[in-house]
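Subject: Structure handover

Hello,

Here is the structure I promised to pass on. Please open it first, then read the notes below.

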Amino acid sequence: MSDLPQLDPVIHAQARLRVTVALAGLHTDDQITFPRLQQLLDMTAGNLSTHLRKLEDAEYVEITKAYEHRTPVTLVRLTAAGRAAFESYTKALHQLLDATGGD
């Protein structure tokens with residue numbers, strides 16, 4: 001079984017996987033506000049921030065601070081590297097599942 005693919009540990013953590021899946025569901029280069037993502041995932045602000053930081057450090061997400069009508073807003077998007085990493089992750093997961101099934 002040494003030839004089985006490894007799952008990306010940055011994405012594999014449950015909370016980060018949920019974040020990545022939610023962001024991958026958006027069109028390329030689309031963004032979501034932090035509060036909307038928090039609501040969608042039912043996560044606390046602190047927990048979401050911690051996991052977004054790890055994804056940002058891996059350059060899988062981009063966090064943008066902006067203003068809408070003089071109100072600060074935090075926008076989150078999946079980067080091209082993040083989308084590629086998620087595609088690789090799902091491919092590796094399928095390979096692992098295919099290796100264990102079929103009998």
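**What I found**

Arg77 sits in strand 3, residues 71-78. Strands here are DSSP runs (E, at least two residues), helices are DSSP runs too (H or I, at least four), and both are numbered from the N terminus. Before going on, note that this is a predicted model: local features need pLDDT of at least 70, side-chain atom pairs count only at pLDDT 80 or more, and totals for chains, interfaces and linings use all residues. Residues are numbered from 1 along each chain as its sequence is written, and side-chain values use heavy atoms, with hydrogens and water left out.

**Arg77**

Is Arg77 buried or exposed? Arg77 counts as buried, because its relative accessibility is 16%. (Buried means under 20% relative accessible area, exposed over 50%, and partly exposed in between, with a 1.4 Å probe and protein chains only.) The side chain of Arg77 makes a polar contact of 3.4 Å with that of Asp29. (A polar contact is a pair of N or O atoms within 3.5 Å; within protein, one must be able to donate a hydrogen and the other to accept it, and residues adjacent in sequence count only if both atoms are side-chain atoms.) Leaving aside residues up to four places away in sequence, Arg77 touches Leu23, Asp29, Asp30, Gln31, Tyr60, Val61 and Glu62. Contact means heavy atoms within 4.5 Å.

Three strands make an open, antiparallel sheet in the order 1-3-2. Strand 1 (32-33) and strand 2 (61-68) are at the edges with a single partner strand each, so one side of each has no neighbour in the sheet. Two strands pair if DSSP finds at least two bridges between them. Strands 2 and 3 pair over eight bridges, in the antiparallel sense.

Tyr67 belongs to strand 2. Opposite Tyr67 stands Pro72 of strand 3. Tyr67 is exposed, at 64% relative accessible area. Not counting residues up to four places away in sequence, Tyr67 touches Pro72 and Val73.

**The helices**

Helix 2 (residues 14-24) lies across strands 1, 2 and 3. Helix 2 runs at about 90° to strand 3. (Axes are lines fitted to C-alpha atoms, for helices over the stretch in contact, and angles run from 0 to 180 degrees between N-to-C directions.)

How do helix 2 and helix 3 meet? What is the angle at which their axes cross? The axes of helix 2 and helix 3 (residues 34-41) cross at roughly 115° and come within 11 Å. From helix 2, Arg18, Val19, Ala22 and Leu23 meet Leu37, Leu40 and Leu41 of helix 3.

Arg53 is in helix 4 (residues 45-57). Arg53 counts as exposed, at 51% relative accessibility. Its C-alpha atom is 31 Å from that of Asp3, 50 residues away along the chain.

**The whole chain**

The chain has five helices and three strands. From the N terminus on, the order is α-α-β-α-α-β-β-α. Of its 103 residues, 32% count as buried. The C-alpha atoms fill a box of roughly 60 × 25 × 20 Å along the principal axes.

UniProt, in an unreviewed entry, places "domain: Winged helix DNA-binding" at residues 22-97. Over residues 22-97 the chain is 55% helix and 24% strand, with the end C-alpha atoms 22 Å apart. UniProt positions follow the numbering used here, feature names are shortened, and annotations may be inferred rather than shown by experiment.

Best wishes
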